[in-house]
Amino acid sequence: MNAKLTVARNMVGGRVGLLPQDSSTKGVARKMLLGVLLAILCCASVLAQTQQDQGWPRTITKPGGTIVLYQPQVDDWSFQTVKARMAFSLTPTGGKQHVGVVSVQMHTEADIDTHTVVLSNPQIDNIYFPSLDAAAASQMDQLMRTSLNPSATMTISLDKLVASAKKTKAPPVVAGVKNDPPAIFVSMKPAILLMVNGPATTAPIEHSNIEFVINANWPMFNEKGKTTYYLFDGKGWMKGEGLRGTWTATAKLPRDMSKVPLNANFTSLKGFIPPPPGSNASFPMVYFSDGPAEIIVFGGQPQWTPIPGTQLSYGTNTASTVFKYAPTGAYYFLTSGRWFTTTNPLAGSWTFATYELPEDFKNIPSSSPAGKVLASVPGTPEAEDAVLIAQVPTTATVTPAAAKEVQVSYAGGQPQFQPIEGTSMMYAVNTPNRVIQVGSEYYLCYQGVWFVSFSALGPWQLAQTVPQVIYTIPPSSPVYNVTYVTQVAVSDGSVDASYTAGYMGAFIMGAAVGAIVCSGTGWYYPPYIYGGFYYPYAYTYGYHTYNPYTGAYGYRGAAYGPYGSAHWGASYNPNTGTYARGATASTAYGSRTVAQAYNPYTGAYGATRQGSNAYGSWGQSVVSKNGNTAYTQHASNAYGTAGSVQTSKGGQAAGVSTAHGTTAAGKTANGDMYAGHDGNVYKNTGDGWQKYDNGGWNDVQKPAATSSPSSFSSADQQKAQSYKSGGSGSTPYNKPSGGYDKSGGGSYGDLNQEAQNRQRGAEQSQRFSQAQHSGWGGGGDRWGGGGDRWGGGGFSRGGGGFGGGGFRR
């Protein structure tokens, strides 16, 4: 192994602390890492610009005329094909505008990373012009079909499509997730949560008598043979006698600490050794845990803001998600997609509450800052949307040549296996990869693709089938996430591989009261630690970054912590399994690059921005994602990476295509238009509805409570019936056999529901876009639109408190 890859491996969770110290090697490593990250960020930037919803309506200008397409209204989505209705206006060159409805089927390629769906290969089922006779409609029909070229593509926000889609199928809920509350600390002063994952284990800093704790979430050191620990809190140093003791600020460090920044894992500590003057003037409280834990930090006594229309209020001077319910005096805390409640936060007596939330949680206005929690409230449309997104597969076509890119290493050289409880299988514990023994064969789930070998050491071959017994692995196993990866053989020897949210640590639970997406299984998986190797498994609590399936940032509970200043600490993402140590991947580009440094779930180094794409680091020649080429030229894994980066074909397809006319998005004089199930076109005026009829817009009256569910005339009813059944004759605007046949779509209530869906999708899409642009540790707000408030400044003091009189610490 060359020096470059050795250093990269050490940086991302291999044998930490045993790094070459010559300046040339460190320079090569630093340049390699920064180059890779720059390439990743450039790729992400290009994709963000090209793979996005350009807004609705869309205007297509061609020599024959201009078409304005309004946002699709989804009747059915199989994740591969969507059936939808679209209102449109068609203006022939030199002619008059005509309004109509087109029902169409399109191929879909969903991208969880960008929250977009590429719509392609439009197949028209029916086109209907409600105000034209058969002859005129036939002419306009041909122009419309010519303009919607089958080779054309367009991109829609995943959130918008999902909000419009009907949720008719029961979601696959996980049985066996664990919802026991973690230890939850509450502080009124700046504080950090010091977590040590398993027994504290140290590794030496070369050429010194200093050791560092490799399984702590903050940089922590001690002198060999001594029990005094030195903890870097993001601004200065603290020392403590033992991990559970009292921590105090210190301006004096052991002499050999000056050698710590020479280790590539801790180069960013150079400016803090020796401690800068005044760095010990203020320091946080330290809460220690060696198991699952969370911390809620308030800026002084808690301050609450009432939520209109409810008896709820939310904490405004904390980065955590905390609510107070007036009728009972109970407090509710959201973490990892789960709600916990207590009437005495300081006592620590929290209980699981997701399935017993007060009804007022459903009444939180989506426009409220607190509305971003609706995706975690069972029974809300936002929760249903998140659940559907969690079922969207990420797919790739993989050729047998992919096996050449696979490398699996084991701490100590030889694999060590442990039984998978409740099964006859075993899994390898001394590797970051998922190697599972099934009888005499070994199956490897590597970056979302299955491989097989008769030896745990390889060589590996692309698996054409996966034993069904693998899918019986229970959530209590640390390798449970592989049960969300499937693949099907293709006749040419390649396979179609796919995974859903569970592979990345997001699971669906709670169908009885309304399903939600939670982060982590709730089970604690002890890490593998041996001789300087540290392989952690996904944590449910204590480490939070970003959940691409709900489109929200995890809620972090500290005054300043290892995420806002991640380039000083260790980072671990339970949603993606991403682990990184120190500043090696973040110094130049900020903390948002840290969380994708290394993924023990996939073995990938340098994946996409949120680490949500397991295929992003595969070789271009062996993997294509959703029919498009992968992002990088070579495979990446625990040993490092090399090669250039390019955008995918899907990104190009998402952009404006001039081959099929000029496309643009913008508002039109016709306002917000909808395609009714009855074949008519309706316009949302903001305070009511209008229907297009006889060349103009007419108000639609809201039906009385005692009237029929439909508010339209008998002529409309007949027209709708003709539209659904295909009518008579063979004119092209009549619906062909086999098209959709939905009922009840012409009612006032249906239109209102579709308008609400469209608004909700737009809100969710905007929140995702804000999260994309805000980065990991700065900007945005603590409710999920961006990073939390870390470092510097301290907290303002205020009254309020919990209940009457509050509490103090």
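1. Which residues lie nearest the centre of the second largest pocket? They are Lys166, Lys167, Thr168, Lys169 and Leu388, among 21 lining residues. A pocket here is an open set of points on a 1 Å grid over the protein atoms alone, where a 1.4 Å probe fits, with protein on both sides within 12 Å along at least five of seven lines; lining residues have an atom within 4 Å of a point.

2. A word on the basis. This is a predicted model: local features need pLDDT of at least 70, side-chain atom pairs count only at pLDDT 80 or more, and totals for chains, interfaces and linings use all residues. Residues are numbered from 1 along each chain as its sequence is written, and side-chain values use heavy atoms, with hydrogens and water left out.

3. Back to the second largest pocket. Its space is about 500 Å³, the volume filled by probe spheres set on the grid points. The lining has 9 nonpolar, 5 polar and 7 charged residues. Strand 3 (73–77) and helix 5 (381–390) each supply at least two of the lining residues. Helices (H or I, at least four residues) and strands (E, at least two) are DSSP runs, numbered from the N terminus.

4. Helix 5 is mostly covered, with 8 of its 10 residues buried. Buried means under 20% relative accessible area (1.4 Å probe, protein chains only). Among the buried residues of helix 5 are Glu382, Asp385 and Leu388.

5. Strand 24 (residues 394–398) has two faces. Thr394, Ala396 and Val398 are on the covered one, Thr395 and Thr397 on the uncovered one. In a regular strand the side chains alternate between the two faces of the sheet. Strand 24 runs antiparallel to strand 32 (residues 495–499), joined by 5 bridges. Thr394 stands opposite Tyr499.

6. An open antiparallel sheet has 6 strands in the order 10-11-12-13-14-15. Strands pair if DSSP finds at least two bridges between them. Strand 10 (202–204) and strand 15 (247–250) each have a single partner strand, so one side of each lacks a neighbour in the sheet. Within the sheet, 3 bridges join strand 12 (residues 220–223) to strand 13 (residues 228–232). Phe221 stands opposite Tyr230 there.

7. Phe221 also belongs to a cluster of ring pairs with Phe212, Phe232, Trp237, Phe266 and Phe272. Rings of Phe, Tyr and Trp (its six-membered ring) pair if their centres lie within 6.5 Å.

8. The structure holds 28 aromatic pairs. One of them joins Tyr480 and Phe507: tilted, 5.7 Å centre to centre, 35 degrees between the planes.

Conventions
Buried < 20%, exposed > 50% of the residue type's maximum accessible area, 1.4 Å probe, protein only. Nonpolar A, V, L, I, M, F, W, Y, C, P; charged D, E, K, R; others polar. Phe/Tyr/Trp six-rings, centres within 6.5 Å; stacked < 30°, edge-to-face > 60°.
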